[in-house]
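Have the structure open as you read.

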Amino acid sequence: MIKNIYLDYNSHTPCSLRVVQAMNDLWQQPGNPHSINHYFGWSKQQLIDDALKSFADIYDCVEEDLLFTSGATEANNLAICSGIALAKLVNPNADTILTSHLEHKSVLNPLEIAAAKHNLRLIYVGITAEGIIDLEDLQNKLNNNNVLWVSCCMTNGVIGTNQSIHQLVQLCQSFGAVVHVDASQAAYLDISCHDLDIDYLTLSAHKIYGPSGVGLLFSKHLNQAGFLPIISGGSQQNGLRAGTLPVPLVIGFAEAAKELSENKDMEAKRIDDLRNYLLTELRKFFSITVHGSLKNRHPGNLHLAIDGVNSIQLLNIVQPHLAFSLGSACDGMNLEYSPLMQAINVPRDEAEHSFRICIGRMTTKKEVEEAANIITVAAKNLISQLR
Ligand SMILES: Cc1ncc(COP(=O)(O)O)c(C=O)c1O
């Protein structure tokens, strides 16, 4: 038996060795990057400036349009809270926000708050059975409403489907709407803020083998008068987000982004092959439904239901040997019939019995073989108990 196997990379990716090495030296070095009068402060600020430069290269934007946050949750909250207030100043007659059930709670909850605060309608756009935003429905809703703001993820965190983000951005902008894209789960897609001509974009380090506790907000509106911080205090980051920057985390994040950009396509192919191998192995024994397009998704992600198998029991039985998840980590044990499953027409019973596996960089072929074996034995047991 090999050691316990982790197949929950959509929830969290551990730091890569390169990231740990990049951060290692920094923990014991004194100096606050915001101390502007001595060498120790300057050297830390230099590291931050270098990190910003490499993010700007990778995500094709200018450093001035980037802001560090504590993660994607804060970046989403800042984009929505401050971005909608600014958009309302520019376009006071618009009265509608569009989003969909593909979004993470750190998008949906702030959208509800902003809608109530600014007296806006919050409308959910349809999703196809493939797990992709229905662009026809989006077009209708843009036609029939005066839309101020649209929030859409680039890759969904539960069923892993990639969205037609270029088309979506162009369509929304042709109606004058401001577009916010949560790209936290889009590790394997090319992201060019310039080509996308996006308004707001969110990233998180711990989804790309960087440390937890740091994220990024890109926006071309950061330096516009009227874009106000949600965390105020000192004048760090031009007063747009107060608080001392965590230098080791920022450096680890930048290293993670560099490492991923160097190996992205090869890594995606390897993970995709392992994911398909696992699915093929399981299909030898069970009737399996995969939710969302198999082709157009995060390469490691499988959201599936095994006919006749209760996923809660399955997950319990395989502890501590195999880790996967019953939904998004942020929903914990919230096993209600999720609006996303309803939107893509997955019946309640099947939705309640589905689970999410995500293969990642550190996963080996041997681990996937072992995982297939563990699931097969446990699922056969559960099925036989029903007979
Ligand atoms: C799509 C998406 N957005 C935002 C988040 C929140 O990210 P963070 O943990 O960096 O706050 C997650 C985390 O799972 C996510 O999947």
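Two strands count as paired if DSSP finds at least two bridges between them. Helices (H or I, at least four residues) and strands (E, at least two) are DSSP runs, numbered from the N terminus. Keep in mind that this is a predicted model: local features need pLDDT of at least 70, side-chain atom pairs count only at pLDDT 80 or more, and totals for chains, interfaces and linings use all residues. Residues are numbered from 1 along each chain as its sequence is written.

**The three-stranded sheet**

Let's begin with an open sheet of three strands, ordered S9-S10-S12 and paired antiparallel. Strand S9 (288-290) and strand S12 (354-358) sit at the edges with a single partner strand each, so one side of each has no neighbour in the sheet. From one strand to the next, the twist averages 35 degrees; axes here are lines fitted to C-alpha atoms, for helices over the stretch in contact, and angles run from 0 to 180 degrees between N-to-C directions.

On one flank, strand S10 (residues 301-306) pairs with S12 in the antiparallel sense over five bridges, and Asn301 has Cys358 in S12 as its bridge partner. On the other, three bridges join S9 to S10, also antiparallel, with Thr289 partnered by Ala305 in S10.

How many residues of S10 are buried? Six of its six are, where buried means 20 or more other C-beta atoms within 10 Å of the residue's own, exposed means 12 or fewer, and partly exposed is in between, with C-beta atoms placed from the backbone. Asn301, His303 and Ala305 point one way from S10, while Leu302, Leu304 and Ile306 point the other way.

**The seven-stranded sheet**

There's also an open sheet of seven strands, in the order S2-S8-S7-S6-S5-S3-S4 with mixed pairing. Its edge strands are strand S2 (66-69) and strand S4 (121-124), each pairing on one side only. The twist here averages 20 degrees from one strand to the next. S2 and strand S8 (residues 215-219) run antiparallel, joined by four bridges, and Phe68 stands opposite Leu216 in S8.

Here are the strand pairs with their bridge counts:

| Pair | Sense | Bridges |
|---|---|---|
| S10 and S12 | antiparallel | five bridges |
| S9 and S10 | antiparallel | three bridges |
| S2 and S8 | antiparallel | four bridges |

The chain splits into domain 1 (5-13 + 264-386) and domain 2 (17-258), with bounds from an automatic or database domain assignment. Their C-alpha centres lie 28 Å apart. The contact takes 24 residues from domain 1 and 23 residues from domain 2, contact meaning C-beta atoms, placed from the backbone, within 7 Å. On the domain 1 side, helix H8 (247-283), S10 and helix H10 (339-343) each give two or more residues. H10 has the largest share, three residues.

The ligand is surrounded by 16 residues, the closest being Gly71, Ala72, Thr73, Gly157 and Ser204; near means a C-beta atom, placed from the backbone, within 6 Å. Both domain 1 and domain 2 supply at least three residues to that shell. By class, the shell has four nonpolar, 11 polar and one charged residues, taking Ala, Val, Leu, Ile, Met, Phe, Trp, Tyr, Cys and Pro as nonpolar, Asp, Glu, Lys and Arg as charged, and the others, Gly among them, as polar.

Notes:
Two residues are in contact if their C-beta atoms, placed from the backbone, lie within 7 Å.
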